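This report considers how side chains pack in the structure shown below, and then turns to its open space.

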Amino acid sequence: MSNDEFRAALARLAAGVVLVTAQEPPLDEEGRGEDVGMTATAFMSVSLDPPLVMVSLRNDSRMDDLLSEQPLWAVSVLAAGQRQIAGRFAMKGRISDRLLFQDLAYVRGEVTAAPLIGGALATLECRTEQRVVAGDHTLVIGRVLTAGLPSPDGDPLTYFKGRYRQLG
């Protein structure tokens, strides 16, 4: 089986789209660390008791490096109308995260201080419980510390056959 065959087969699995965010620790006592974000489609619920979720991060990515040191992170489950946000944080060779967050509506999580995107269907604040290296990715399992429903009645943004899609 080739990488292309594997990729084509798994492209037929529809996935929800989330924005994973965290805040880098500040460089000094008076500063605020930079916000970091990445789009993910490999995200899932793991356990109800205790409440656990999992996200898959490419090894040595900025988010993987950050979450290896910073245990607090957040997830915003993106709504159908937030395709532009997903694309912005999925770009390769993108501009700095500071500029990516610049014109987005968000609030800071009470526990993580990570950005929670306005208009998201749901938001979660998490603390890393376990990291499992799996091939070229790391599976980060997080305990859910808070859960919110900013826009619970919207439709989800999905990813299928290499493109963002809407249900219906």
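In this predicted model, Phe101 counts as buried because its relative accessibility is 4%, under the 20% cut-off, whereas Tyr106, with a relative accessible area of 29%, is partly exposed. A search of the whole structure finds three aromatic pairs, and one of them joins Phe101 and Tyr106 in an edge-to-face arrangement, with 5.8 Å centre to centre and 70° between the planes. Together with Phe89, these two residues form one aromatic cluster.

The largest nonpolar core has 18 residues, and Val20, Val55, Leu57, Met63 and Trp73 are those with the most contacts inside it. Elements that each supply at least two residues of this core include β2 (18–23), β5 (52–58), α2 (62–67) and β9 (122–134). Leaving aside its neighbours within four places in sequence, Val20 is in contact with residues that include Val36, Met38, Val55, Met63 and Trp73. A second, separate core of twelve residues includes Leu19, Ile85, Ala86 and Phe89.

| Class of lining residue | Number of residues |
|---|---|
| Nonpolar | 21 residues |
| Polar | ten residues |

Of the 39 residues that line the largest pocket, Thr41, Ala42, Ser56, Arg58 and His137 lie nearest its centre. The largest share of the lining, five residues, comes from β3, while α1 (3–10), β4 (43–47), α3 (83–90) and β11 (157–160) are among the elements that each supply at least two.

How values were computed: Residues numbered from 1 in each chain as written. Predicted model: local features only at pLDDT ≥ 70, side-chain atom pairs only at ≥ 80, totals over all residues. Heavy atoms only, no water. Core = buried A, V, L, I, M, F, W, Y, C linked by side-chain atoms within 4.5 Å. Buried < 20%, exposed > 50% of the residue type's maximum accessible area, 1.4 Å probe, protein only. Helix = DSSP H or I, 4+ residues; strand = E, 2+ residues; numbered from the N terminus. Contact = heavy atoms within 4.5 Å. 1 Å grid on protein atoms, 1.4 Å probe; cavity = no way out; pocket = protein on both sides within 12 Å on 5 of 7 lines; lining within 4 Å. Nonpolar A, V, L, I, M, F, W, Y, C, P; charged D, E, K, R; others polar. Phe/Tyr/Trp six-rings, centres within 6.5 Å; stacked < 30°, edge-to-face > 60°.
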